[in-house]
Amino acid sequence: DISELINNHDFNSLLVRLVDELKTDNLPKRYQACKIGDLHNSVENILTGIGYLPENENESESKSSENLDSFLNNVLNLAYTTFGNQPDFASRQTLHELAALINKVSDENLYNLLRLIAVVSTKHEKNRVNLYHSGFFTNLDKFLSKKFKNTGENDDIRLSSEKLLHNKILGQLCRTLRRFCVDDDPRETSVRAHDNARDLVNDANMLERLCRFLEKIDSNNFKLKKEIIMTLSKLLVRNEFCLKAADQSCGLLELIESNLQICVSENEEKDAENNANANAQGDGATPQEIVLLKPLLILLKAVCGNDEVKYRVSQNHQLCENIVENGNKFGTDANIAEAVLACSHVITLRQPEMCEFFAKLSIAHTCINLMELHKEQRKVMLNGCMLIRNMVARTRHLQKSFLELDVESLLNEICVSYKMDTNVLQAARAAQRDLDLDANLSEQWRGQPGQSHEIAYD
């Protein structure tokens, strides 16, 4: 029974002092002292006690509710500081209590809870598995269903969304979900990032919910938009999920197009001022404009993993024009250049009609220009070579537009500079081959009789 601790001012002050003391440094001996002092089990016992509190405890009296919120805030801050650099100390019982708290805490403490779950899940597959089996996704679905009731009325959805979007909870929710969609511990054989993404989409309906959040939030809230977009990219791990995201219920392609348009639809005066500032600072783009650009292009590349979605993208000429325009405008940034070339080569793969359309947008000039600007960036070189190959493999007459820009010298230089990088070297030689250039390819065996080498037996 922790009811006495909740209203104990001295105990709450002790929790605050512990947090301040642990924040003074990150020395291992300090965390070893926590282990010797059994701090981790003490935190676990407190969380267990909170779990036994009745559901209506927060709604009984305002003063009692405030005391519980303040107490839980101190406990979660202490747990975050304790487990932050030592996630191994989080036991299975602790993770079970954290998963159960989703529907018990107030909005103010929900941020701290999600932050704590994220930190114990980072680079720790076992903790993520235990959180999943403790019902974290199920409780999260109940919380979202309670907060955002799908009544079919747009006004209710808008009002309920704005209530949460004005604070930091949604951004932290996205960061926490992404922890469950990455396999980062090769020591564990029970990795389930793909399964987690599948359950979030099928059971928690996370694709549609995130798309609605992206639609409703303020157009200038770039930081929160980026969090949502990056999370959506992690969820598109299956072919049918890409198609579901592009359907009318989610409307992801329309959302991508509208947000890409923001990057190229600035007024002329602002563009001139930004370009002047960028040139003075040696940067090709302003942070506010490009913060969404790479995540949007990566998301578009991911959703084009489905051929039906790729066909829909090919029919949306405005979307394709925005890709090339953004590449021309912000290509001095290596990350943007990489994303533009990667997205373009996926869209043009096995799509002769798209190759013709991109050729009208002078994609050859854009591609060669970006590769010349970022010769030291291997990912730019790799995606550029793949784009060249896709553009000319099925439309041989487009070779001329690349050859006129002296692509042969560029590819030869790449083969020399990246001779130890197998992926880049093979992509460059494949581009040379499809351009009908000398790729220095050697045929070791043509399948002719007498060419096979017979191994001598002892």
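Buried denotes a relative accessible area under 20%, exposed one over 50%, and partly exposed a value in between, for a 1.4 Å probe and protein chains only. The model shown is predicted: local features need pLDDT of at least 70 and side-chain atom pairs count only at pLDDT 80 or more, whereas totals for chains, interfaces and linings use all residues. Residues are numbered from 1 along each chain as its sequence is written, and side-chain values use heavy atoms, with hydrogens and water left out.

View 1. Helices (H or I, at least four residues) and strands (E, at least two) are DSSP runs, numbered from the N terminus. Glu227 has a relative accessible area of 12% and is therefore buried. Its side chain joins that of Arg175 through a polar contact of 3.2 Å. A polar contact is a pair of N or O atoms within 3.5 Å; within protein, one must be able to donate a hydrogen and the other to accept it, and residues adjacent in sequence count only if both atoms are side-chain atoms. With neighbours within four places in sequence left aside, Glu227 is in contact (heavy atoms within 4.5 Å) with Gly171, Cys174, Arg175 and Arg178.

**View 2. The aromatic cluster of Tyr132, Phe136, Phe137 and Phe180, linked by ring pairs.** Rings of Phe, Tyr and Trp (its six-membered ring) pair if their centres lie within 6.5 Å; planes under 30 degrees apart count as stacked, over 60 as edge-to-face and the rest as tilted. By this rule the model has 5 aromatic pairs. One of them, Phe136 with Phe180, is stacked, at 5.3 Å centre to centre and 20° between the planes. This pair links distant parts of the chain, 44 residues apart: Phe136 belongs to helix α9 (residues 136–147) and Phe180 to the loop between α11 (169–179) and α12 (193–202). Phe136 and Phe180 are both buried. Phe137 and Phe180 form an edge-to-face pair, because their ring centres are 5.4 Å apart and their planes stand at 65°. Since Phe137 lies in helix α9 and Phe180 in the loop between α11 and α12, the pair ties together parts 43 residues apart in sequence. Phe137, like Phe180, is buried.

**View 3. Arginine charges over the rings of Tyr80 and Phe241.** A charge sits over a ring if NZ of Lys or CZ of Arg is within 6 Å of the ring centre and within 35 degrees of the ring normal. The charged end of Arg115 is 3.8 Å from the centre of the Tyr80 ring. For Arg238 over Phe241, the distance is 6.0 Å.

**View 4. Helix α25 (residues 378–393) and its covering elements.** The end C-alpha atoms of α25 are 22 Å apart, in agreement with the 22 Å that its 16 residues should span at 1.5 Å a residue; the expected span is 1.5 Å times one less than the number of residues. Buried residues of α25 include Met381, Leu387, Ile388 and Met391. Among the elements covering its buried residues are α22 (334–348), α24 and α28 (422–434). Beyond neighbours within four places in sequence, Ile388 is in contact with residues including Cys367, Met371, Phe402, Leu411 and Leu435.

**View 5. Asn369 in helix α24 (residues 363–373).** Asn369 is partly exposed, with a relative accessible area of 38%. Its C-alpha atom is separated by 8.6 Å from that of Gly331, 38 residues apart along the chain.
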